[in-house]
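Subject: Structure handover

Hi,

Here is the structure I promised to pass on to you. Please have a look at it first, and then read on for my notes.

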Amino acid sequence: MSAQVVTRFAPSPTGYLHIGGGRTALFNWLYARGRGGKFLLRIEDTDRERSTPEAMAAILRGLTWLGLDWDGDVVSQFARKDRHAEVAHEMLVRGTAYKCFSTQEEIAAFRAAEEAAGRYPVFLSPWRDADPATHPEGAPYVIRMKAPRTGETIIDDQVQGRVVIRNETLDDMIVLRSDGTPVYMLAVVVDDHDMGVTHVIRGDDHLNNAARQQMVYDAMGWQVPVWAHIPLIHGPDGKKLSKRHGATGVEEYQAMGYPAAGMRNYLTRLGWAHGDAEIFTSEEAMKMFDLSGIGRAPARLDFKKLENTCGHHMAMAEDAALLHELRAYLAAAGREPLSEAQNVLMQRALPFLKSSVRTFPELLDKASFLMASRPIMQDSKAAEALDTVSRGILKSLTPRLQTASWTKEALEPILTEIAAENGIGFGKLAAPLRAALAGRTVTPSVYDMMLTIGREETVARLMDASQ
RNA sequence: GGCCCGUUCGUCUAUCGGUUAGGACAUCUGGUUUUCAACCAGGCAAGAGGGGUUCGACUCCCCUACGGGCUGCCA
């Protein structure tokens, strides 16, 4: 019987949810959900200077949009500071940590001297093995971990493999500051242990830190979690993803109109693979996802593929869910909401509209014929299609539409007949029809449009255009 | 500077010592079509460089180059 899997996502609330962070959260979610485990959320807000409630709210919004639900309450790391301090003092008792009275000036001087001598600037505290009797009374101190000076620390990473770090390159890191507050490196370990985290899946910028953290686990006699350090996401030019590449925040992608399911699929495949699987639902991804499928090289963002993936998910989506997400998009992008009438028409049009669009803006563009209201304004190309002859044809068409039953089967013969009577191909008839119905030359099928807006509106638009 | 990680088509990747190095996106060509898409068929396209190990290396080892990360009383 194996213990339940517990993963977590632990962002710092210093800004919006970064796309890389979103993917890290996604991997943790997928791994836990696919194994009946728990996915926890912890906010690393110990840096009081940079942490803001706005940032925390933005991160939660980002995760929610991505569809990543977490178990239990959000844990505040700052709120657990007493527990962290307690562990630091327990390390003191165990003899795996010590009080260090060195001032920052002394440390800086030590480092400068080491560097000048061409050695590693690793600080070696003179208080490491000092007799407590020699401790200065009432002087401020930090608690440092008594890290092994020799040998090596081995991180058995599920993605990076066996990483060996020589202990001499690591210093006795501070676990508790002189003001009694814990340092991140201690807080993560204590929190992960207390929360029962079994698998730590995070960015590989923490790979080196893992060695230090593992020392804390060892010092406390706690079980080390399974490590999985995933590569960061890069911009299209291969450099670290930053603002100049465009969108880096998850919420920006929502505002650009990418469907969340497509975003999840794309992000899952970015840096992870399972054979030739490309398009899949989250449920399928949960079944397939495993740590061994994660690549070791950083991946670049490719908007073309993102769009393509989103296109598949648009087509796969259920109409009701898609309509719901469309309205959420409109709100997120600050666009005008659908009117009652537009909502009804949209429901009718979604089945054929969704099959050929990638994003919500594209969907709305294809739906412009139902978003517009009379009189329909023609763009220049559409106006060209409405020459005198065409207007006459449209005019002769309207009486027949009045009596036809409103199905594609019934309309098709009427339109082909009209085209034949006028000695033109169907294509020549479709152009002015498009212009009259949508005001453009690029539109969905004329039948789909007519069926969507209905007989009355169709006839009215044709009459308008034939004037 | 030191330490750690990485490098297969333009991009995401498969391969886990023996393959015509496969798939997807993009791109190009053709087909279909009432327009744009979508769709269908096909084409182009890759193991960073150099040394080893081996009967045989994209796969294992070393060096170099390039990219990234860490090196804080930040997280």
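This is a predicted model: local features need pLDDT of at least 70, side-chain atom pairs count only at pLDDT 80 or more; totals for chains, interfaces and linings use all residues.

Overall form

Chain A contains 19 helices and twelve strands. Its radius of gyration is 31 Å, whereas a compact globule of 467 residues would come out near 23 Å. The C-alpha trace of chain A spans about 110 × 45 × 40 Å along its principal axes. As for burial, 48% of the 467 residues of chain A count as buried.

Largest pocket

The largest pocket has a volume of about 1,100 Å³. It is lined by 37 residues, and those closest to its centre are Ala10, Pro11, Ser12, Asp205 and His206. H1 provides the largest share, with four residues.

Second largest pocket

The second largest pocket has a volume of about 500 Å³. Its lining is made up of 29 residues, with Pro259, Ala260, Ala261, Arg264 and Glu325 the closest to the centre. Several helices supply at least two lining residues each, namely H2 (53–66), H8 (260–269), H9 (282–288), H10 (303–316) and H11 (319–332). The largest share comes from H11, which gives six residues. Sorted by class, this lining holds 16 nonpolar, nine polar and four charged residues.

A three-stranded sheet

Which strands form the open sheet, and in what order? The order is S4-S5-S8, with antiparallel pairing. Strand S4 (97–100) and strand S8 (174–176) are the edge strands, each pairing on one side only. From one strand to the next, the twist averages 45°. Strand S5 (residues 142–145) runs antiparallel to S8 and is joined to S8 by two bridges. To find this pairing on screen, look for isoleucine 143, whose bridge partner in S8 is leucine 176.

That is everything from my side for now.

Best wishes

Key
Residues are numbered from 1 along each chain as its sequence is written. Chains are lettered from A and ligands numbered from 1 in the order in which they are written. Side-chain values use heavy atoms; hydrogens and water are left out. On a 1 Å grid over the protein atoms alone, a cavity is a set of points where a 1.4 Å probe fits but cannot get out, and a pocket is an open set with protein on both sides within 12 Å along at least five of seven lines; lining residues have an atom within 4 Å of a point. Grid points are joined across faces, edges and corners, and a volume is the space filled by probe spheres set on the points. Ala, Val, Leu, Ile, Met, Phe, Trp, Tyr, Cys and Pro count as nonpolar, Asp, Glu, Lys and Arg as charged, and the others, Gly among them, as polar. Two strands pair if DSSP finds at least two bridges between them. Axes are lines fitted to C-alpha atoms, for helices over the stretch in contact, and angles run from 0 to 180 degrees between N-to-C directions. The radius of gyration is taken over C-alpha atoms; the globule rule is 2.2 Å times the number of residues to the power 0.38. Buried means under 20% relative accessible area, exposed over 50%, partly exposed in between (1.4 Å probe, protein chains only).
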